[in-house]
Amino acid sequence: MNDHPTHREDMNTAQTPLPVVLAGARGHGRSHLLNIRRLEERGLVRLAGVCELRPLDAAELDGIGAPEQSADFEALLASTGARIAVLSTPIQTHTDMTLAAARHGAHILLEKPPAPSYAEFRRMADGVEAAGVACQIGFQSLGSHAVPAIRRMVAEGAIGELLGVGAAGAWVRDEAYFRRAPWAGHRRLGGADVVDGALTNPLAHAVATALALSGSTRAEDVEHIETELLHAHAIESDDTSAVRIVTSAGTQVTVAATLCAERTSEPYVIVHGTRGRITFWYRQDRVLVQRAGHGPVETEYARTDLLENLVAHVTDGDPLWVPPATTGAFMRVVEAVRTAPDPLAIPAGHWRTEPGESAPRRVVDGVDALVDASADGLRLFSELGASWAPSTRAEAR
């Protein structure tokens, strides 16, 4: 866990339930709506407002109550006196909406990725710090108690010397997924950076979690980044990609991700050591420790909900689990993806079309095994002999 560096308020003024405004209540935002409702039932928060371009209807509010609704975010913050703003809006809106909430004195839970560029991230983080409010970045996997537990095991030498960290994510997404919003599948839209893509959005948790387990979460912890960005679907952004991050400590972190898998599997991170390995299935909070001279040990850990943690921070001064500074290394990866050449199209001979859940989907031949091999061997697709991967990689420092 990490303390917010600036926020310290009079706890006597932070009485629950805290009024909350949710910006973006459809799509993924629905999960935030339901989580706010869960915390309402515990008396911790009160859903005071919902900001949507089109108001939620009675069916969408069934069991939720009757919060004030408006498409004007700042007006809603003012009229509700919101103490917390939950932002689940398009990536390119994150910085401006976060700063608007900060100006109104609201603390913020901001969906990942926190910003579409490193410059926008810095503008957001600096503005939040200047305003003296707290901001939690919505990497739910970093609320898992497994993360500090694995870091302790590595520090104590449970698997010997740290060799590197590899992450793997193989998901199935059909063509409808890339039509879910006007910005989906785009690197830029209307002149603004979006940087939607496998590494930076749907499987961003794999990147952030791998960096956290390597002990490299801040921007200054990153020394060098190589990217291999590709796509099989007819989109602008990447749907099958790999990245190698070399940290300032010399640790190698690789992530291989695809949305064109043969079958969806649970994403995971492997921490490699000289005398063993630790595998973390981060959506399940499940950890497998395999080390020399010991039998395998599997453990399931608890998880702290990030909104609940933000409430506890505001009311009781609990440390934040994911303040902006601890996502700086992740944002260096976003910046490397943003500034890399546009993703290469995987030639049609290397993928096939299959029926998807609501539309056709494209499957890259053998990609599931390649993603696993990347995490196992800390190698990029081109180094694993994938004929469709580029022989030259984009590099960033």
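1. In which sense do strand 1 and strand 2 pair, and over how many bridges? This is a predicted model, and in it the two strands run parallel, with 6 bridges between strand 1 and strand 2 (residues 45-51).

2. Now the burial of strand 1 (residues 18-23): 6 of its 6 residues are buried. L18, V20 and L22 point one way, P19, V21 and A23 point the other way, and all are buried. So much for the strand; on to helix 7.

3. Helix 7 (residues 306-316) is largely enclosed by the rest of the structure, because 9 of its 11 residues are buried. Its buried residues include L306, L310, H313 and V314, and also N309 and T315. They pack against strand 1, helix 1, strand 2 and strand 4, as well as strand 5 (107-110) and strand 6 (135-137).

4. Both ends of helix 7 deserve a look. At its start, a side-chain oxygen of D305 comes to within 3.2 Å of the backbone nitrogen of L307. After the helix comes G317, with a positive phi near 80 degrees.

How values were computed. Residues numbered from 1 in each chain as written. Predicted model: local features only at pLDDT ≥ 70, side-chain atom pairs only at ≥ 80, totals over all residues. Heavy atoms only, no water. Buried < 20%, exposed > 50% of the residue type's maximum accessible area, 1.4 Å probe, protein only. Helix = DSSP H or I, 4+ residues; strand = E, 2+ residues; numbered from the N terminus. Pairing = 2+ DSSP bridges. Contact = heavy atoms within 4.5 Å. Polar contact = N/O pair within 3.5 Å; in protein donor to acceptor, adjacent residues only side chain to side chain.
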